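Here's a quick walk through one protein model, written for someone who likes the cut-offs spelled out. Have a look at the fold before reading on.

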Amino acid sequence: MTFGPHGPRHTFEDHTAELRLGLFAPTLPELFAEAGRALAELAVGEAAPLPEAAGERVSVSLHSVDREALLVDWMNELVFRTEVDARVYVDFHFDELAADHLVARVRGAVVPDLRPLVKAATLHDVHITEDSHGYSVHVVLDI
């Protein structure tokens with residue numbers, strides 16, 4: 001890159017390091033749980049079955065500005081815990097799930113060949129919709 005008479009510059013370039021995830025469930029807690037199972041599936045590999053949860057439940061408490069941000073924060077919390085704990089979380093119990101906060105207990109399983117693929121869930125075009133069949137949302141994942 002050469003610099004013009006005005007000094008340093010920056011450019012924007014296309015990058016294909018994203019995955020769009022569609023989530024569908026009859027209830028909001030099931031939508032959040034399905035988000036967790038999808039992240040677990042990506043971490044163990046789509047061809048492998050999800051492991052059975054073992055051990056004690058870990059508490060998770062989150063506050064966000066709205067339910068879309070809460071879903072993204074939830075997913076990013078699970079991504080973080082998967083990397084730090086070397087576990088995939090597959091069992092979810094929600095004690096509270098409101099528009100701006102949740103209190104949950106999660107259990108996971110140690111996976112020998114864990115390959116955390118997701119770096120983060122993003123807020124890009126996240127909008128949870130509800131109809132007569134339940135809830136749906138699309139979340140773009142940075143991989």
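This is a predicted model: local features need pLDDT of at least 70, side-chain atom pairs count only at pLDDT 80 or more; totals for chains, interfaces and linings use all residues.

## Helix H1

Helix H1 covers residues 28-44, 17 residues in total, and its first and last C-alpha atoms are 25 Å apart. That is close to the 24 Å expected at 1.5 Å a residue, where the expected span is 1.5 Å times one less than the number of residues. Helices here are DSSP runs of H or I with at least four residues, strands are E runs of at least two, and both are numbered from the N terminus.

Residues are numbered from 1 along each chain as its sequence is written, and side-chain values use heavy atoms, leaving out hydrogens and water.

## How H1 sits in the fold

H1 is largely enclosed by the rest of the structure, because 12 of its 17 residues are buried. Buried means under 20% relative accessible area, exposed means over 50%, and partly exposed is in between (1.4 Å probe, protein chains only). Among the buried residues of H1 are Leu-28, Leu-31, Phe-32, Gly-36, Leu-39 and Val-44.

What do the buried residues of H1 pack against? Their partners are strand E1 (18-25), helix H2 (67-85), and strands E3 (87-97), E4 (101-110) and E7 (134-142). Contact, here and below, means heavy atoms within 4.5 Å.

Not counting residues up to four places away in sequence, Gly-36 touches Trp-74, Leu-78, Tyr-89 and Phe-92. Gly-36 and Leu-78 are 42 residues apart in sequence, yet their C-alpha atoms are 7.0 Å apart in space.

## The nonpolar cores

The largest nonpolar core has 34 residues, and Leu-71, Trp-74, Met-75, Leu-102, Val-139 and Leu-141 have the most contacts inside it. Two or more residues come from each of E1, H1, strand E2 (54-63), H2, E3, E4 and E7. H1 gives the most, with 8 residues. A second, separate core has 7 residues, including Val-44, Val-88, Val-111 and Leu-114. A nonpolar core is a set of buried Ala, Val, Leu, Ile, Met, Phe, Trp, Tyr and Cys residues joined through side-chain atoms within 4.5 Å.

Leu-102 touches residues that include Phe-32, Val-60, Leu-62, Leu-70, Trp-74 and Phe-94, again setting aside residues up to four places away in sequence.

## His-101 and its polar partners

His-101 is in strand E4 and counts as buried, with a relative accessible area of 19%. Its side chain makes a polar contact of 2.9 Å with the side chain of Glu-96, and another polar contact, of 3.0 Å, joins the side chains of His-101 and Asp-100. A polar contact is a pair of N or O atoms within 3.5 Å; within protein, one must be able to donate a hydrogen and the other to accept it, and residues adjacent in sequence count only if both atoms are side-chain atoms.

Beyond its neighbours within four places in sequence, His-101 is in contact with Leu-62, His-63, Leu-70 and Glu-96.

## The whole protein

Zooming out, the protein has 2 helices and 7 strands, running β-α-β-α-β-β-β-β-β from the N terminus. Of its 143 residues, 39% count as buried.
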